[in-house]
Amino acid sequence: MSERKTGVYLCSGCGIGEAVSMAALEGVAKAEYKLEAKTHACLCGDEGVGIIKADIEAGVNQVVIAACSSRVMTDRFGFEPIQTLRADLREKVTWSHPAGDEDTQALAEDYLRMALAQAPKIKAPEPWQEGDFSTRILVLGGGVTGLTAAKEAAAMGHDVLLLEQSDRLGGRACDSSKRLPHTPPYAQPEPNDIDALVAAVRGQSKVTVRTGCSVTKTEGMPGKFTITLSDGSVEMVGAIILATGWRPYDATKLGHLGYGASPDVVTNVEFEAMLKAGKPSRKSNGQPVKSVAFVQCAGSRDPDHLPYCSSICCATSLKQALELIEAEPATNAYVVYEEMRTPGTAEELYRSAQAAGVVFIKGKVKGVGANLTVTVADELVQEDVPLSGLDMVVLATGMVPNSTNPDGEALEVGAELLVGDVDPEAPIAVAGYCGDAPAAHVKRTQAAAPGGSLLNLQYRQGPHLPVLHDGFSDSHYICFPYETRRTGIYTCGPVRRPMDWAEAAEDASGAVLKAVQAVRSASAGAALHPRVGDLSYPKINLNQCTKCKRCTVECPFGAIDENAETYPIVNATRCRRCGTCMGACPVRTISFDNYSVDMLSTMIKAVKIPDEFSGKPRILIIACENDAIPALDQAGIKHNTWSAHVRVLPVRCLGSVSLLCISDALSAGYDGVMLMGCKPGDDYQCHFVKGSAMAAERLSKVGDTLKSMMLEPERVVQVEAAIADADRLPVVIDKYVEQILAIGFNPFKGF
Ligand code: SF4
Ligand code: SF4
């Protein structure tokens, strides 16, 4: 970088100039940082932006803007490739604190100091763009989901390699008689149109189809995956879509519902095949079926079997009953259910079934006799009711995700490296906990389901894609559906959660958009969600590395492998730029061009700490930029107020916070440190999956250190913050400030 020339611009608009002294702020820049600041009454207006642009023309190559939150006016204050830093004087200062108050002024000056201290510690990132990148997309699975993904990716101009393990395309849809309604009026079963989808894919020149083929090995990273196939061939792809679908729950485990005792107790999948083959007949004697009971939740929502709702079994039974009655109007169809789950348009199918004469019995099935008598604990009449005279009992069994290869060699659950991971059940033993949220619990996410890996990832963190509950492929279900903890690999369809044909097709389209974004971002050296477009990536100074492997273990995305000398090696396009590795490294040897422990510590130390006789504590809030910072911004927009004694330091993720930052803060004289970030745990909301869990894990070890320093453990706390917490967080902050005042000032203040 040529000589750094930093321009400093202050905005007095939006009420800032009426609440704080701009002259004093200019004075801070000049006296403490030898920088001339320019103040404008509307910096985001054409004139204000014009002043900055003119200075850039004249040689300014780094811009510091003290105005509104960094989350707004990004278009006005974007001067690429010039780096722009922001200090928030609006949402977190003048809109949330009283005007003309000396504490508000001190707050504004400290935020300006933090930005001015940050400026010399960073440089514009240079993207990682080594070698060739592939924009081809691998789709694993040739059912409805995979076929739709292949079709959509090709329509977006991408070459697709579609792999199907069996010898046919179409998946389970090929065995369906009709499909659930997906067009208005959504009232009747609709024709099975899987052949048309298969033909569309086969006719698409950009799609290469391989059936009877699977993946034996996956190496590399987004834009550069090398895939070895079961036929020995090797392919390069840029992104991977996992669309391996589902299989029915093993009905042999449902002996209590008569399965296996009578051939006329069948699963919904077996019954579907009968409907497709023609008019169903009894397996026992070949006689036509005139009276059928459909037993809902056969193994679903049952802690001994599948604890979840498979979501489509109710509608499937309604469809099957309607098909039966359509073929033979005299058929008696009974549906025994505990709750009928027909959300959205499926309600129309429910109405059709009622109108067609299907009999609905609300209750739990207590057993199915060998003579096909179904005993129902009827909820309406509050007694056991036998349902007899049946020709067939159809068990509505649920969906099990094909997130692993059941025929493959079983890999141990927890195959992912877990060194340093957290106790599955233990509460976060943070030094202190503040606020009205319940104490958070960290649960270790199951790393792999039993069975062989579908991709056999050659990653340091193991061959499996991590899975969430009950074997479903991991996906950040709140913010980033389809994304897994292995960057560039996306899941969609029933391998992600139970869903029907139409939903699976929509899901496939969503995953394709992610995959396309992955291959395009990889070649540009840019990050994916949530730091979309970030060009920085972690750089490790191996001269200082002690090979402790913490970075390798803690990276939520398996981005770090090891070289032959067991030094950590970052796969740049797998990296999501969370900085968790940086926070983990005990020797501070991991940094980004624009983010480092040194930068954070310098910003922390830039704040002026009043002495204990002032009666004014200083509390550092290290806040995650994903939810906590937007929530605080929103609090400011709502003119909620909170203590002016806190200083907020935004970070990429709590995972990026090194314990050294906390000890630096306490040594500098802060009276308390609050980490504010997303909810950790199995049902995580952490945007980097386990960054906030890692922070909690690290923090759990701080208490003893604080005690050995004769500091109260309650001085360091972690609180959960969600995007909608604009009203709650100011209360949490003020309570914590009161708590710190009750504890007393940091005895290290002034040393
Ligand atoms: S921990 Fe985060 S920043 Fe570090 S390598 Fe992994 S994804 Fe990248
Ligand atoms: S955490 Fe730091 S010291 Fe440990 S292996 Fe990674 S880079 Fe090396």
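This is a predicted model: local features need pLDDT of at least 70, side-chain atom pairs count only at pLDDT 80 or more; totals for chains, interfaces and linings use all residues.
1. Five strands make an open sheet, ordered 9-6-5-13-23, with parallel pairing. Strand 9 (207-211) and strand 23 (489-491) are its edge strands, and each pairs on one side only. From one strand to the next, the twist averages 20°.

2. **Inside that sheet.** Strand 5 (residues 137-140) pairs with strand 13 (residues 239-242) over four bridges, in the parallel sense. Opposite I137 stands A239 of strand 13. Helix 11 (residues 501-524) packs on the sheet and touches strand 5, strand 13 and strand 23. The direction of helix 11 makes about 165° with that of strand 13.

3. **Helix 7.** Which residues of helix 7 (residues 194-202) are buried? They are I194, L197, V198 and V201. These residues lie on the same side of helix 7, because they cover an arc of only 100° around the axis. In general, an α-helix has 3.6 residues a turn, so residues three or four places apart point the same way. The face turned away from the buried side of helix 7 carries the exposed residues D195, A196 and A199. The buried residues of helix 7 pack against helix 6 (144-155), strand 6 (160-164) and strand 9.

4. **A hairpin.** Strand 10 (residues 215-219) and strand 11 (residues 225-229) run antiparallel and are joined by four bridges. V215 has L229 of strand 11 opposite. The two strands form a hairpin with five residues between them. In the turn, G220 has a positive phi of about 100°.

5. Strand 15 pairs with strand 21 (residues 392-397) in the parallel sense, over three bridges. The bridge partner of T267 in strand 21 is L395.

6. Most residues other than glycine have a negative phi. C297, in strand 16, has a positive phi of about 50°. Q382 has a phi near 60° and lies in the loop between strand 19 (374-378) and strand 20. Are these sites buried or exposed? C297 is buried, because 24 other C-beta atoms lie within 10 Å. Q382 counts as exposed, because it has 8 C-beta neighbours inside 10 Å.

7. **Two cis peptide bonds.** Most peptide bonds are trans. The bond joining E80 and P81 is cis, with omega about 0°. P81 is in the loop between strand 3 (62-67) and strand 4 (83-88). The bond from H529 to P530 is also cis, with omega near -5°. P530 lies in the loop between helix 11 and strand 24 (539-540).

8. **Ligand 1.** How many residues surround ligand 1? There are 13, and the closest are C555, C575, C578, T580 and C581. The shell has nine nonpolar, two polar and two charged residues.

9. **Ligand 2.** Around ligand 2 there are 14 residues, the closest being C545, C548, R550, C551 and C585. By class, this shell has nine nonpolar, two polar and three charged residues.

10. **Helix 16.** C661, I662, A665 and L666 are buried in helix 16 (residues 659-668). They are on the same side of helix 16, because they cover an arc of only 135° around the axis. Their cover includes helix 14 (597-606), strand 28 (619-624), strand 30 (672-677), helix 18 (702-708) and strand 31 (716-720). Just after helix 16, G669 has a positive phi of about 110°.

Note on methods:
Residues are numbered from 1 along each chain as its sequence is written. Chains are lettered from A and ligands numbered from 1 in the order in which they are written. A residue is near a molecule or strand if its C-beta atom, placed from the backbone, lies within 6 Å of it. Ala, Val, Leu, Ile, Met, Phe, Trp, Tyr, Cys and Pro count as nonpolar, Asp, Glu, Lys and Arg as charged, and the others, Gly among them, as polar. Two strands pair if DSSP finds at least two bridges between them. Axes are lines fitted to C-alpha atoms, for helices over the stretch in contact, and angles run from 0 to 180 degrees between N-to-C directions. Two residues are in contact if their C-beta atoms, placed from the backbone, lie within 7 Å. A residue is buried if 20 or more other C-beta atoms lie within 10 Å of its own, exposed if 12 or fewer, and partly exposed in between; C-beta atoms are placed from the backbone. The arc is that of the directions from the helix axis to the C-beta atoms.
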